[in-house]
Amino acid sequence: MDSAEKVIEAVGVRRRYGDGFEAVRGVSFEVARGELFALLGTNGAGKTSVMELLEGLARPSGGAVRVLGLDPHGERARVRPRTGVMLQEGGFAPDLTVAQTVRMWAGCVSGARPGHEVLEQLGLARRGGVRVGQLSGGERRRLDLALALLGRPEALFLDEPTTGLDTQGRYDTWELLRQLRAAGTTVLLTTHYLEEAEALADRLAVLHRGRVVACGTTAEVTGARPARIGFGLPTGWHLGDLPPLPELAVLAHEERGGRVLLHTDRLQFTLSVLLRWADERTVALDRLEARTASLEEAFLAIAGTADAGTADGAGR
Amino acid sequence: MTATRARNRLAALGRAEATLLLRNRTALATALLLPAGMVAAWRPALGGLAAGGSSAGVDADRLLVSSGIGFILLFAVYYNLVAAYVARRESLVLKRLRTGEPTDPEILAGTALPAAAVAVAQCLALVAAGTVLLHLPLPRRPVLLLAGVALGVVLMAALAAASTVVTRSVELAQLTTAPLLAVSALGSGLLLPLRSLPHPLGEVCRWLPLTPVLDLVRTGWLGGTPADPAEPLLALGAALAWTLLAVFAVHRWFRWEPRR
């Protein structure tokens, strides 16, 4: 990471709006060439505010941003030919057709790819004659991505690229993003879908109330969290019939709606003891499941902790 | 290379905007029918207003020229562009464009191109109709006429962009454009000759944004010997000053996206 070229950099970035609200409060992260980096956060966490600074739409009120080693606001003319941007919300004239919209953008991009090629890539080839106002939300999102890809960007900024897409559309977009990354494109995306970050991102940062509260690979962010085992006990059996929980390396347990939930940081061990116990007594564990901590749990825990007032703590 | 790219971008933006103009009946009617309609409706009254004496005919001509070009600039350029800029801003088109390669002035100029073209075409049509049908003279000093129309288009486009600062929606454009439309119609010699206004008022009206533009247009078309030969220069300077002021206002206050 250290030797790799930094394509996107934010250093102690702050953004205060005209009404005095500070949406971004000292955010730092960097994205290396060819990396896919996700900014995660709830609504209002400051994701879009950070993105707009990196896209060069506004100047940070503190700190610094660099894209391809340049200032995306001050050196706009040098940065824009090498970046592609997809805003959180379209930005289309509803009365232009898809083809007309692509043609207008192609005229504004140096070295644009052929419009039909990009539309094909996004599955919109047959929609060229349709007015943008008549597209579905998912189609509009794909058109937006098509425009961002017109200029073969080195760095791609995608603000919630899959919001409004159905499951198939989302998977198609994920596949496309993987191809782009494989081809060496640097991607920064925001999402509030945790599974999206988990599925795609090389690294991610969790934003909460304008601050980075966790940053790293998915494994690093979730690694410190306990795993979970869930099951239902048959009638007549109770939690107290299990071996003593500390001996199972269980950190915490819950009983909810007839189901038992065990938290452990030694998943394999706990599970082995539990299964042996059940085998010996021919107890059927109903709908048994075991999983390592997901980003979702980490995220909820982090957000919860941050809410409790330790907002500055969790950064790496 | 850089210039070619800039030209390509302007062409692409202008072409898209022209498509939108052709699809928007209200805008099209405002640009094409309103100026002609205003002139046609006002013309019968012109003779009477340009009151009395041997100069009556000349005054009516002067009024017709001012009214025609004035209404074209006000409706085809100013009014239409306020609506167009606001529509593009509210649908986030302007913001999206700013994430790409076009510069800020290119975005505004590209959006204004079709309106400017429509206005220039109408001015040419007016000159043709005036000379053929109404036996007005061919433009005596075409360079001044051209300068007047060109400055007028740029000034109106800049004022339109500046007016979007107080225009939150396309519907509100009807309200926010009213002051300039009314003040220009009454005070810049579109509906009645300035010299018919009482002294202090007439003097103030000479410095309204559209007055120097129309002074240039009249001198360029109808010629005549101004009392002071420096008058066209003065008009040119005043029109330029208004344009610079409007451009400054745009630079300072223009909003590229809707209010949050």
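A: Axis angles under 35 degrees count as roughly parallel, over 145 as roughly antiparallel, 65 to 115 as roughly perpendicular and the rest as oblique. The model is predicted, with pLDDT of at least 70 needed for local features and 80 or more for side-chain atom pairs, while totals for chains, interfaces and linings use all residues. Residues are numbered from 1 along each chain as its sequence is written, and chains are lettered from A and ligands numbered from 1 in the order in which they are written.

In chain A, helix H3 (residues 98–107) packs on helix H5 (residues 137–149) at about 25°, their axes being 10 Å apart; H3(A) and H5(A) are therefore roughly parallel. Helices are DSSP runs of H or I, at least four residues, and axes are lines fitted to C-alpha atoms over the stretch in contact. H3(A) contributes A:Val98, A:Thr101, A:Val102 and A:Trp105 to the contact, and H5(A) contributes A:Leu143, A:Ala146 and A:Leu147 (contact: C-beta atoms within 7 Å).

A:Ala146 is also among the residues with the most contacts inside the largest nonpolar core, alongside A:Val206, B:Val77, B:Tyr78 and B:Ala157. This core has 144 residues (buried Ala, Val, Leu, Ile, Met, Phe, Trp, Tyr and Cys joined through C-beta atoms within 7 Å; buried: 20 or more other C-beta atoms within 10 Å). Helix H3 (residues 56–90) of chain B gives the most to it, 18 residues. Beyond four places in sequence, A:Val206 contacts residues including A:Leu40, A:Val213, A:Phe299 and A:Ile302. Another core, of six residues, lies apart and includes A:Ile229 and A:Leu262.

Note on methods: Axes are lines fitted to C-alpha atoms, for helices over the stretch in contact, and angles run from 0 to 180 degrees between N-to-C directions. Helices (H or I, at least four residues) and strands (E, at least two) are DSSP runs, numbered from the N terminus. Two residues are in contact if their C-beta atoms, placed from the backbone, lie within 7 Å. A residue is buried if 20 or more other C-beta atoms lie within 10 Å of its own, exposed if 12 or fewer, and partly exposed in between; C-beta atoms are placed from the backbone.
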